Amino acid sequence: MSAAVSEQLLAKVQRIFDLLDKDKSGLIDSEELGLMFQQLGQPKSEEELKELISVIDEENTGQITFSSLVKLFTLDL
Ligand SMILES: [Ca+2]
């Protein structure tokens, strides 16, 4: 059985994605991701953010798509 992502998680990630995507580009860049970690009280360096993005960025856009963000939340980092 594949790891199904619950609708509850999807709704949560959608809310977070909308909050993070300040410029409404449909993608989250390292700057926007950095703001999220700052707000969580766990600030990360530019290098750490890029590394994190590279782990979940399957399309190599250098930015985070909605599906990548879902993956980030299911990875339990
Ligand atoms: Ca954006």
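Is K24 buried or exposed, and how many other C-beta atoms lie within 10 Å? Keep that in mind while we walk through this predicted model together.

1. **The answer for K24.** K24 is exposed, because 7 other C-beta atoms lie within 10 Å and a residue counts as exposed at 12 or fewer. You will find K24 in the loop between α1 and α2, where α2 covers residues 30-39. Have a look at the backbone there too: K24 has a positive phi of about 55°, although K24 is not a glycine.

2. **The overall plan.** Now step back to the whole chain. The protein chain has 4 helices and 0 strands. If you trace the chain from the N terminus, the order of elements reads α-α-α-α. Along its principal axes, the C-alpha trace spans about 35 × 25 × 20 Å.

3. Of the contacts with a separation of 6 or more, 41% are made by residues 24 or more positions apart. As for burial, 9% of the 77 residues count as buried.

4. **Where α1 meets α4.** Turn the model until you can see helix α1 (residues 7-20) and helix α4 (residues 66-75) together. Their axes come within 10 Å and cross at roughly 120°. The two helices are therefore oblique to each other, since an angle has to lie between 65 and 115 degrees to count as roughly perpendicular. The crossing of α1 and α4 is right-handed.

5. **What α1 and α4 touch with.** On the α1 side, the residues of this contact are L9, L10, V13, I16 and F17, and they meet F66, L69, V70 and F73 of α4. Sorted by class, that contact has 9 nonpolar residues, no polar ones and no charged ones.

6. **Where α2 meets α3.** The next pair to look at is α2 with helix α3 (residues 46-56). Their axes are 10 Å apart and the helices pack at an angle of about 110°. α2 and α3 are therefore roughly perpendicular to each other. S30, L33 and G34 of α2 and E46, L49, K50 and I53 of α3 make the contact. By class, the contact of α2 with α3 divides into 3 nonpolar, 2 polar and 2 charged residues.

7. **L33, a buried residue.** One member of that contact deserves a visit of its own. L33 lies in helix α2. L33 is buried because 21 other C-beta atoms lie within 10 Å, and a residue needs 20 or more to count as buried. Leaving out residues up to four places away in sequence, L33 touches L20, I28, L49, I53 and I64. L33 and L20 are 13 residues apart along the chain, and their C-alpha atoms are separated by 6.9 Å.

8. Which helix holds Q14? Q14 lies in helix α1, and R15 is found in helix α1 as well. Q14 is partly exposed, with 13 other C-beta atoms within 10 Å. R15 is exposed, with 10 other C-beta atoms within 10 Å. For distances, Q14 and L27 are 13 residues apart in sequence and 12 Å apart in space, C-alpha to C-alpha. R15 and Q38 are 23 residues apart in sequence, with 17 Å between their C-alpha atoms.

9. **T61, in another loop.** Where is T61 placed? T61 sits in the loop between α3 and α4. T61 has 12 other C-beta atoms within 10 Å and is exposed, because the exposed class takes in 12 or fewer. Along the chain T61 and Q38 are 23 residues apart, and their C-alpha atoms are separated by 23 Å.

Conventions. Residues numbered from 1 in each chain as written. Predicted model: local features only at pLDDT ≥ 70, side-chain atom pairs only at ≥ 80, totals over all residues. Axes fitted to C-alpha atoms, helices over the stretch in contact; angles between N-to-C directions. Parallel < 35°, antiparallel > 145°, perpendicular 65-115°, else oblique. Left-handed = near helix turned anticlockwise from the far one by under 90°. Contact = placed C-beta atoms within 7 Å. Nonpolar A, V, L, I, M, F, W, Y, C, P; charged D, E, K, R; others polar.
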